[in-house]
Amino acid sequence: MKTALITGGASGIGKACVEKMAREGYGVVIADVNLAGAEALAAQLTAEGLSAMAVHMDVGSEEEVEAGFDKMMETYGSCDLVMSNAGVQIVHPFDEYPFSDWKKMMSIHADGAFLVSRAAFRRMKASGKGGRIVFTGSVQSFVGSKLKEPYNFAKHGVAGLAKAIAREGAEYGIYTYTVCPSYIKTPLVEKQIPEQARDLGITEEEVVKNIMLRDTVDGVFTTVEDVANTLFFLSNDQGALTGQSLRLTHGWAMM
Ligand code: NAD
């Protein structure tokens with residue numbers, strides 16, 4: 001059985017990716033700080049006759065990341081696909097951005113991407129079989145947005161990390177990608193709508209229309225299913241796309 005570990009797998013994009021890969025026959029490790037949510041999803045998939053397990057993982061903790069991957073190897077004996085996806089959003093005007101919130105963002109988005117991809121790389125290299133590492137980037141990997149300096153910094157960073165790992169991983173059959181969606185209505189975005197309205201002094205409707213969807217060609221949100229289908233597509237790539245960032249943006253930030 002092929003296996004996948006997905007961080008932030010208990011909610012939103014990660015959850016849809018967990019469900020997709022489990023239904024495609026993968027044994028899936030749901031790695032999340034929200035252990036109860038991860039366990040509930042694992043139980044639901046197991047009840048459907050699919051294979052899934054939950055692990056508590058704070059992606060900013062080296063010990064928890066390594067322990068989660070060790071559990072995956074003990075249970076399934078392989079590590080074929082890893083999605084470094086866990087993330088949060090904290091918005092503030094730049095001049096008021098607290099250093100403590102910057103550090104929180106870096107712990108999850110920067111340390112997390114490094115620790116999770118390194119843990120994956122180690123196991124994929126040791127197995128001799130290679131594997132695929134997919135980062136959840138964002139349209140914010142290519143553009144800049146008000147109130148989101150740390151997020152832009154980190155999301156630009158993961159695209160670069162994927163390119164570097166693609167070079168180093170090729171000889172071991174390790175391929176890397178960054179999936180870059182524009183806004184998707186998940187809890188992470190639902191939370192931002194009132195926050196951005198407050199910080200920018202506009203209505204929630206204006207946040208959606210004039211900020212979130214303004215630069216798309218059709219005014220449409222991307223969906224979690226769009227990302228899950230892209231992850232599955234990449235799980236079959238034989239290296240032609242390694243190092244690439246795939247933009248799921250309804251025309252925002254086209255190449
Ligand atoms: P979400 O809030 O629905 O889910 C995020 C998950 O990550 C939650 O289950 C949460 O418990 C988990 N998590 C948070 N901190 C963690 C940590 N330290 N360690 C492990 N797990 C942790 O959010 P989402 O919208 O599904 O976002 C997932 C990823 O997609 C994030 O990296 C986000 O930046 C990115 N993204 C989201 C959108 C969007 O519009 N929703 C667009 C582009 C990129």
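The ligand is surrounded by 30 residues, and the closest of them are S11, D32, Y151, I184 and T186; a residue counts as near when one of its heavy atoms lies within 4 Å of the molecule. This is a predicted model, in which local features need pLDDT of at least 70 and side-chain atom pairs count only at pLDDT 80 or more, while totals for chains, interfaces and linings use all residues. Residues are numbered from 1 along each chain as its sequence is written, and side-chain values use heavy atoms, with hydrogens and water left out.

**Around the ligand**

Let's start with the shell. By class it holds 15 nonpolar, twelve polar and three charged residues (Ala, Val, Leu, Ile, Met, Phe, Trp, Tyr, Cys and Pro count as nonpolar, Asp, Glu, Lys and Arg as charged, and the others, Gly among them, as polar). At least two shell residues come from each of α1 (12–23), α4 (99–127), α5 (149–169) and α6 (187–200), and α6 gives the most, with three. Helices (H or I, at least four residues) and strands (E, at least two) are DSSP runs, numbered from the N terminus.

| Side chain | Ligand atom | Distance |
|---|---|---|
| S11 | oxygen | 2.7 Å |
| D58 | nitrogen | 3.0 Å |
| T186 | oxygen | 2.4 Å |

Taken alone, the ligand exposes 830 Å², of which the protein buries 92%; these areas come from the Shrake-Rupley method with a 1.4 Å probe.

**The pockets**

The ligand sits in the largest pocket, meaning that more than half of its atoms lie within 2 Å of the pocket's grid points. On a 1 Å grid over the protein atoms alone, a pocket is an open set of points where a 1.4 Å probe fits, with protein on both sides within 12 Å along at least five of seven lines; lining residues have an atom within 4 Å of a point.

The volume of the largest pocket is about 750 Å³, taken as the space filled by probe spheres set on the points. Its lining has 37 residues, with N85, A86, G87, V88 and L188 nearest the centre. The lining divides into 16 nonpolar, 16 polar and five charged residues. Here too α6 gives the largest share, five residues, and β2 (27–32) is among the elements that supply at least two.

The second largest pocket has a volume of about 250 Å³. Of its 13 lining residues, S145, K146, N210, I211 and R214 lie nearest the centre, and α6 and α7 (204–212) are the elements giving two or more.

Key:
Polar contact = N/O pair within 3.5 Å; in protein donor to acceptor, adjacent residues only side chain to side chain.
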